[in-house]
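Hi there,

Here is the structure I promised to pass on. Have a look at it first, and then read my notes below.

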Amino acid sequence: MEDIFLSRRSVRRYQDREIEAEKLQQILAAARYSPTWGNLQCQELIVVQDAGDKDKLSELLSKKNPATICAKVAPVVIAVCGNPKKSGYYNDKQVTRYSHWFLYDLGIISQSICLKAWELGLGSVIVGSFDHKAAEELLKIPTGYELVSLIPIGYPDHQPSAPKRRGIEEFVHYGTFKQD
Ligand SMILES: Cc1cc2nc3c(=O)[nH]c(=O)nc-3n(C[C@H](O)[C@H](O)[C@H](O)COP(=O)(O)O)c2cc1C
């Protein structure tokens with residue numbers, strides 16, 4: 001099997017073609033079986049397919065965001081949100097440095113969604129930069145839940161090349177953290 005970890009790309013242009021319901025279910029199942037802190041499963045996913053709602057979401061990305069058109073033209077946008085109190089070490093009295101396990105959980109789920117989509121011949125892109133508050137209102141996300149990312153998904157209309165990566169030797173340290 002092709003190495004999906006190496007070949008997966010962020011795809012920002014899609015064919016005018018629906019995603020089969022079966023494929024969508026497979027993607028959601030991948031999200032379901034993602035690991036989460038203490039198996040608390042803080043995630044809530046909103047599958048946005050309505051053209052009007054996707055248009056409105058697209059308007060909540062800045063014009064400079066390369067993914068602005070994606071939310072509009074993709075057949076499906078998955079909004080990744082969840083309850084921060086349902087993840088590691090949340091402390092009501094103070095935000096501890098561990099509160100970000102919520103983001104960690106949702107990050108892993110986002111990666112599962114993108115990799116499963118890729119395996120099924122679909123392209124996606126994680127979108128983190130947009131007007132979160134307005135999007136939360138649009139999607140009727142209740143108080144206490146946070147919207148973290150939008151993931152447009154569709155059949156790719158192009159084959160993006162890989163943005164440059166740091167060499168393994170640049171970020172891997174054997175034994176202890178080595179500084180230049
Ligand atoms: C947390 C996160 C947020 C991102 N937000 C955006 C975004 O707002 N707009 C966009 O076009 N791409 C966004 N991306 C995609 C990255 O730009 C992309 O993953 C990176 O350039 C590497 O390219 P590749 O995914 O094709 O390997 C985001 C990726 C991550 C992980």
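Before going on, some housekeeping. This is a predicted model, in which local features need pLDDT of at least 70 and side-chain atom pairs count only at pLDDT 80 or more, while totals for chains, interfaces and linings use all residues. Residues are numbered from 1 along each chain as its sequence is written, and side-chain values use heavy atoms, with hydrogens and water left out.

Back to Gly128. You'll find it in the loop between strand 3 (123-124) and helix 6. Helices (H or I, at least four residues) and strands (E, at least two) are DSSP runs, numbered from the N terminus. Leu150 sits 22 residues from Gly128 along the chain, and their C-alpha atoms are separated by 6.7 Å.

Gly128 also brings us to the ligand: a backbone N or O atom of Gly128 is 3.0 Å from a ligand nitrogen atom. For Ala67, the distance from a polar backbone atom to a ligand oxygen is 3.5 Å. (A polar contact is a pair of N or O atoms within 3.5 Å; within protein, one must be able to donate a hydrogen and the other to accept it, and residues adjacent in sequence count only if both atoms are side-chain atoms.) On its own the ligand exposes 620 Å², and the protein buries 63% of that. These areas come from the Shrake-Rupley method with a 1.4 Å probe; for residues, only the protein chains shown count as cover.

How many residues surround the ligand? There are 14, and the closest are Arg9, Ser10, Arg12, Asn65 and Arg165. Being near here takes a heavy atom within 4 Å. Sorted by class, this shell holds six nonpolar, four polar and four charged residues. Ala, Val, Leu, Ile, Met, Phe, Trp, Tyr, Cys and Pro count as nonpolar, Asp, Glu, Lys and Arg as charged, and the others, Gly among them, as polar.

Now helix 6 (residues 132-138), which contains Leu138. Leu138 is partly exposed, because its relative accessibility is 23%. Apart from neighbours within four places in sequence, Leu138 is in contact (heavy atoms within 4.5 Å) with Asp53, Lys56 and Leu57. Leu57 is 81 residues away along the chain, yet the two C-alpha atoms are separated by 8.0 Å.

Two loop residues have a positive phi without being glycine. Asn39, in the loop between helix 2 (21-32) and strand 1 (43-48), has phi near 55° and is exposed at 53% relative accessible area. Lys140, in the loop between helix 6 and strand 4 (146-154), also has phi near 55° and is exposed at 70%.

Finally, the whole chain. It has seven helices and four strands, in the order α-α-β-α-α-β-α-β-α-β-α. Buried residues make up 40% of its 180 residues.

Happy exploring!

Technical notes. Buried means under 20% relative accessible area, exposed over 50%, partly exposed in between (1.4 Å probe, protein chains only).
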